[in-house]
Amino acid sequence: MTALPIKRPRALSFGNLWISAGIIVVLLLYPVFFGKAMNFGVSTVLFAGFAMAWNILVGWAGQTSLGHAALLGVGAYTMTLLAIPERGPAWLQSVGIGNGAAIAPWWGILAGMVLAVLLSLVWGSLTFRLQGSYFTLSSIAVALILRLVAINEDFTGSSQGLFMPDLPTFFGLDLFDRKVEYGLAVGFVVVTLIVTHLIRRSRTGYALQAVREDEDGARALGIDSSDLVRRHTEQEWTVAFCGFAPGFGYLRSSGWVSEVPRRRSPRTRVPAGSVALAGGFTGVYPRESPGGWQLIGRTELSLFDPSRTPAALLRPGDRVRFVNV
């Protein structure tokens, strides 16, 4: 029996915990050696955190968003308006909200996060069923709408924006000090790394991967993608016949009774080693090629190597079990 290890897509290109810990150590040492270049350090670390947050949607789900700046803007404006409530919109001041005491920026940040999450939930509920360029265009539309609000309303400072001339100390720390700002930025990166590592093997992580890889197949079976992978690895498969490409085996299992539909539009490029489902069969693409099967993972084993004897790893009658690693 041949055992084929299946690797599910990882959250980050440096998803290993030890590598992540090493990156954090390097970031913490930056002020020691480059203390005169803190502006560059703060900007770089912040954008690293933004990129990892963006990767949760784009890397896992394969949904390209060009409107994430809208979420950042909602958080920033919320924090600033709560810190200088007299600049709040007239309709809030009319109910007494804008006439109260200023709220410390750390509480404003939390409020901004809540509002950004609420916006993303509404945004996602309306557009996340879209795929490819359609979702990308919808994300641009959301960002443009919020941009027009920001540059045309008085309470946002119009095109000039809002400024905070003074900030209270945070546990005795001067929030205008660049080293303090750098430390907070590194904290943001640490939190983002922890969240991505937690999501990676969670139900949410598998659901996001399903959007990119096997959403149609999992929906057709009436199960979520993590259950799809589990059921697939529980079966003992037998190579019924070979075809399509050298080394490509069509595998069947007596315990697999579900029919998985092919994709509505085939992919133009499927990486070598991709494990896939279609109809009542499973198979592994031996080399990069077009394909319309539903992808559920990858294996690093070489299915076809002309320099090997025999060249094909799988032959009719071989029994195969897939292992999730």
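Author: We will look at a helix, then the cores, then a pocket. This is a predicted model, in which local features need pLDDT of at least 70 and side-chain atom pairs count only at pLDDT 80 or more, while totals for chains, interfaces and linings use all residues. Residues are numbered from 1 along each chain as its sequence is written, and side-chain values use heavy atoms, leaving out hydrogens and water.

Reader: Which residues of H1 are buried?

Author: Buried means under 20% relative accessible area and exposed over 50%, with partly exposed in between (1.4 Å probe, protein chains only). Helices (H or I, at least four residues) and strands (E, at least two) are DSSP runs, numbered from the N terminus. In H1, the buried ones are Ser20, Ile24, Leu27, Tyr30 and Pro31. They cover an arc of only 95° around the axis, so they sit on the same side of H1; the arc is that of the directions from the helix axis to the C-beta atoms. On the face turned away from that buried side are the exposed residues Trp18, Val26, Val32 and Phe33.

Reader: What about nonpolar cores?

Author: In soluble globular proteins, nonpolar side chains tend to be buried together. A nonpolar core is a set of buried Ala, Val, Leu, Ile, Met, Phe, Trp, Tyr and Cys residues joined through side-chain atoms within 4.5 Å. Here the largest has 14 residues, and Trp237 and Leu251 are among those with the most contacts inside it. Strands S2 (237-242), S5 (274-278) and S9 (319-324) each supply at least two residues of this core. A second, separate core of 12 residues includes Met38 and Val186.

Reader: Which helix gives the largest share of the lining of the largest pocket?

Author: The largest share, 13 residues, comes from H5.
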